[in-house]
Amino acid sequence: MGQLTSIVPLILLVVVFYFLLIRPQRKRQQEAIQMQNSLTPGARVMTTTGLFATVVAVDNEDVILEVAPGIETRWVKAAIGRVVTPGDASTSESRSGEDGEEDDNESEATVERNGDQGSSTKQS
């Protein structure tokens, strides 16, 4: 009976780790694989490195992304972080627009302060 009571906490610890760590991670991994396998040409995506692009073609394990008009790059499907929907783009643009106003005013003030110095001069 003494051995059983010493093993029960260990078993409970394993069960807790399974439900709190292993199971949710597997679920996220399966969702990512499903998203990567459902990529179609024309979809707007964001890579895991933060590059926004449009899917041009899908090969077996590769995806050809168009970063800018006429510029295509080849990526592994696993590098696609998420599919960007039009609603996501508009909310990120509105947030950057709010922050961008302050940045624009700040950069204009810097240009006025620097006077005739060239804009290509790097300020520190």
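Is valine 56 buried, partly exposed or exposed? Valine 56 counts as partly exposed, at 30% relative accessibility. Keep that residue in mind, as I will come back to it. One caution before we go on: this is a predicted model.

Let me start with the whole chain. The protein chain has two helices and five strands. Reading from the N terminus, the order is α-β-β-β-β-β-α. Of its 124 residues, 14% are buried. The accessible surface comes to about 9900 Å². Carbon and sulfur atoms hold 56% of that surface. Now contacts. Take those with a separation of 6 or more: 32% of them are between residues 24 or more positions apart.

Helix α1 covers residues 2–37, which is 36 residues. From first C-alpha to last, α1 reaches 52 Å. That is close to the 52 Å expected at 1.5 Å a residue. Yet α1 has a kink of about 40 degrees. Where is the kink in α1 centred? It is centred on tyrosine 18.

Stay with tyrosine 18 for a moment. A search of the whole structure turns up one aromatic pair. The partners are tyrosine 18 and phenylalanine 19. As a general point, two numbers describe such a pair: the distance of the centres and the angle of the planes. Here the centres are 5.2 Å apart, and the planes make 80 degrees. The pair is edge-to-face, because 80 degrees is over the cut-off of 60. How accessible are the two residues? Tyrosine 18 has a relative accessible area of 35%, and phenylalanine 19 has 47%. Tyrosine 18 is therefore partly exposed, since 35% falls between 20% and 50%. The 47% of phenylalanine 19 makes that residue partly exposed too.

On to the strands. Strand β1 is residues 44–47, and strand β2 is residues 52–58. The two pair in the antiparallel sense over three bridges. They form a hairpin, with four residues between them. In that turn sits glycine 50, with a positive phi of about 95 degrees.

β1 has another partner. Which strand is joined to β1 by three bridges and runs antiparallel to it? That is strand β5, residues 80–83. Valine 45 shows both pairings. In β2, alanine 53 stands opposite valine 45. In β5, its bridge partner is valine 83.

Now β2 and β3. These pair in the antiparallel sense over four bridges. They also form a hairpin, here with three residues between them. Across that pairing, alanine 57 stands opposite isoleucine 64 in β3.

Valine 67 lies in β3, which is residues 62–68. Its contacts beyond four places in sequence are Leu51, Phe52, Ala53 and Thr73. Take phenylalanine 52 from that list. Valine 67 and phenylalanine 52 are 15 residues apart along the chain, and their C-alpha atoms are separated by 6.8 Å. Valine 67 has a relative accessible area of 35%, so it is partly exposed.

Alanine 43 lies in the loop between α1 and β1. Why does alanine 43 count as buried? Its relative accessible area is 16%, and buried means under 20%, so alanine 43 qualifies. What does alanine 43 contact, leaving aside neighbours within four places in sequence? The list is Ala53, Thr54 and Val55. Alanine 57 is 14 residues away in sequence, with a C-alpha to C-alpha distance of 9.9 Å.

That brings me back to valine 56. Valine 56 sits in strand β2. From alanine 43, valine 56 is 13 residues away in sequence and 8.2 Å away in space, C-alpha to C-alpha. Not counting residues up to four places away, valine 56 touches Pro41, Ile64, Leu65, Glu66 and Glu72.

To wrap up, three things to look for on the screen. Find the kink in α1, centred on tyrosine 18. Find β1, which pairs with β2 and is also joined to β5. Then find alanine 43, the buried residue in the loop between α1 and β1.

Terms used
Residues numbered from 1 in each chain as written. Predicted model: local features only at pLDDT ≥ 70, side-chain atom pairs only at ≥ 80, totals over all residues. Heavy atoms only, no water. Expected span 1.5 Å × (residues − 1). Bend = angle between axes of the 7 residues up to and from the residue. Phe/Tyr/Trp six-rings, centres within 6.5 Å; stacked < 30°, edge-to-face > 60°. Buried < 20%, exposed > 50% of the residue type's maximum accessible area, 1.4 Å probe, protein only. Contact = heavy atoms within 4.5 Å. Pairing = 2+ DSSP bridges. Areas by Shrake-Rupley, 256 points an atom, 1.4 Å probe, with all protein chains shown as cover.
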